[in-house]
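This briefing goes from the overall fold to selected strand pairings. Please look over the sequence and the structure first.

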Amino acid sequence: VGTCGVPQQYETPLFPSGCIIKVIIFSTHGDPFYVGLNGIEFYDSANKKVVLSEENVTASPADINVLDEGGGGSDPRTLDKLYDGNNSTYDDFHMWLAPFRGPDRGSNTIYIFFDELVSISRMTIWNYSKTPTRGVKEFEVLIDDSIIYRGNLKKAYSEAETGGDPKRLHGQTVLFTNDKDVIRKEKDRIYIAEDEDEGGPVFFDEGSRLEEGGEGAERPQTAARRRRD
């Protein structure tokens with residue numbers, strides 16, 4: 001089968017194939033209550049973007065609306081935002097957010113189903129940028145229950161760090177190919193976790209600091225607010 005020759009956090013196989021992809025989330029960048037992403041994309045062996053839709057993407061839990069505070073399904077940070085194509089953004093209306101479940105509670109899992117066998121050459125994930133501590137940290141990817149990747153997702157830059165410029169939110173790519181053109185294009189989006197030391201966890205809720213160690217603490221309410229241009 002062979003492996004990808006590019007140094008990454010995990011030695012990935014070349015063009016893993018299957019009908020079911022699982023993205024399992026084990027931790028956040030500090031927030032004990034919520035986890036989110038801006039977007040996710042997969043590319044096939046011909047480097048064509050794989051079509052994702054409500055027909056083949058589910059998650060457990062689905063999104064923030066499973067909570068009573070979701071207003072009966074009114075919070076816009078729903079699962080379809082993972083594949084709406086608007087990934088480099090600070091607009092809540094283009095993000096997915098869900099209650100966080102640690103590994104001891106089953107872990108948040110995103111499922112992607114295909115009717116036919118799909119071979120993957122790369123994937124790119126954009127971490128949750130509105131409140132970066134709610135972004136995914138440790139995660140793994142399986143295809144037909146075989147692990148093809150395990151690593152850390154880099155924390156998104158905050159609005160303060162980018163001056164509000166979402167163009168600096170480039171996403172993070174995982175390669176399953178040795179194609180030189182793909183590697184050249186994606187090399188700046190490959191992340192090695194050991195490149196930075198983030199220190200201990202500090203919890204925030206939309207900018208307000210929470211107590212460290214959130215165990216036993218009450219889940220803070222959260223609501224999306226449309227960003228003014």
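Along the sequence, the protein chain follows the pattern β-β-β-β-β-β-β-α-β-α-β-β. That gives two helices and ten strands. The model is a predicted one.

**Chain totals**
- The protein chain has 229 residues, and 49% of them count as buried.
- Its accessible surface comes to about 11400 Å², with 46% belonging to carbon and sulfur atoms.
- Contacts between residues at least 6 apart in sequence join residues at least 24 apart in 76% of cases.

**Strands 2 and 4**
- Strand 2 covers residues 34-44 and runs antiparallel to strand 4, with four bridges joining the two.
- One of the pairings places Leu-37 with Trp-96, its bridge partner in strand 4.
- Strand 4 covers residues 96-99, and its side chains split by direction: Trp-96 and Ala-98 point one way, Leu-97 and Pro-99 the other way.
- All four of these residues, on either side of strand 4, are buried.

**Strands 6 and 7**
- Strand 6 (residues 138-143) and strand 7 (residues 146-152) are antiparallel and joined by six bridges.
- Within this pair, Val-141 stands opposite Tyr-149 of strand 7.
- The two strands form a hairpin, with two residues between them.
- Asp-144 lies in the turn of that hairpin and has a positive phi of about 50 degrees.

Methods
Residues are numbered from 1 along each chain as its sequence is written. This is a predicted model: local features need pLDDT of at least 70, side-chain atom pairs count only at pLDDT 80 or more; totals for chains, interfaces and linings use all residues. Side-chain values use heavy atoms; hydrogens and water are left out. Two strands pair if DSSP finds at least two bridges between them. Buried means under 20% relative accessible area, exposed over 50%, partly exposed in between (1.4 Å probe, protein chains only). Contact means heavy atoms within 4.5 Å. Accessible areas come from the Shrake-Rupley method with a 1.4 Å probe; for residues, only the protein chains shown count as cover.
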